[in-house]
Amino acid sequence: MRFDNSPPAAPLHLYPIVRCKPKVPLRVILLQHSIFGLWTHFWNGKTIACSGDELCDACTANVKDVWAGYIIATALETDLTVLCAVTRPVKTDLDKYKDEEHGLFGLSVGLQRVGHRKTSPIAVKVGHRNLMHEKIDGRVTRNIILRLFADNAGKKMLEDRDL
Ligand SMILES: [Zn+2]
């Protein structure tokens, strides 16, 4: 028997990834100053990070690049801390509400697909700002993304590029 009252700590900062699905409004409170983004490709059946140089096989093969953004948030439906995936238009909409001191932190945001497809455009509604939450450092998101894309060339890119 291997008793152990102090098991190793769980990996830090594991949050479920949530995306805005058709017909299901997503309501979150943003917990970070900014959205963390990277370029990706859908390549060999999965999403990989674009390494942004001549070493990127997907670029070489002219596979379309897609920007993906992530920000840690509280999902109001579940009260869980999640990694909220956002598209580029959503980022553009949200960034209008940034202020110098807090960025996006504390904003309550409603997202809903306008249409029934997984790729339908997303309507964004921004409500009040609530600063009573714990603000999460941008490096946390960066580390999560590094792990998410660690099994391909994207890791090198993420470490090299100043994000
Ligand atoms: Zn690429």
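**Figure 1. Overall arrangement of the protein chain.** Helices (H or I, at least four residues) and strands (E, at least two) are DSSP runs, numbered from the N terminus. By this assignment the protein chain holds 4 helices and 8 strands. Their order from the N terminus is β-β-β-β-α-β-β-α-β-β-α-α. The model is predicted: local features need pLDDT of at least 70 and side-chain atom pairs count only at pLDDT 80 or more, whereas totals for chains, interfaces and linings use all residues. Residue numbers start from 1 along each chain as its sequence is written. A residue is termed buried if 20 or more other C-beta atoms lie within 10 Å of its own, exposed if 12 or fewer, and partly exposed in between, with C-beta atoms placed from the backbone. Of the 163 residues in the protein chain, 26% are buried. Two residues are in contact if their C-beta atoms, placed from the backbone, lie within 7 Å. Among contacts with a separation of 6 or more, 69% involve residues 24 or more positions apart.

**Figure 2. Strand 2 and its pairing partners.** Strand 2 covers residues 26-30; because 4 of its 5 residues are buried, the strand is largely enclosed by the rest of the structure. Two strands pair if DSSP finds at least two bridges between them. Strand 2 pairs with strand 7 (residues 107-113) in the antiparallel sense over 4 bridges, and Arg27 has Gly110 as its bridge partner in strand 7. Strand 2 is also joined to strand 5 by 3 bridges, again antiparallel; here Ile29 stands opposite Thr74 of strand 5.

**Figure 3. The largest nonpolar core.** A nonpolar core is a set of buried Ala, Val, Leu, Ile, Met, Phe, Trp, Tyr and Cys residues joined through C-beta atoms within 7 Å. The largest one has 32 residues, and Val28, Leu30, Tyr70, Ile71, Ala73 and Cys84 have the most contacts inside it. At least two residues of this core come from each of strand 2, strand 3, strand 4, strand 5, strand 6, helix 2 (88-95) and strand 7. Strand 5 supplies the largest share, 5 residues. Beyond its neighbours within four places in sequence, Cys84 is in contact with Val18, Val28, Tyr70, Ile71 and Ala73.

**Figure 4. Two loop residues with positive phi.** Most residues other than glycine have a negative phi. Asn44 has a positive phi, near 55°, and is placed in the loop between strand 3 (36-43) and strand 4 (46-49). Asn44 is exposed, with 10 other C-beta atoms within 10 Å. Asp79 likewise has a positive phi, near 65°, and lies in the loop between strand 5 (65-75) and strand 6 (80-86). With 7 other C-beta atoms within 10 Å, Asp79 is exposed.
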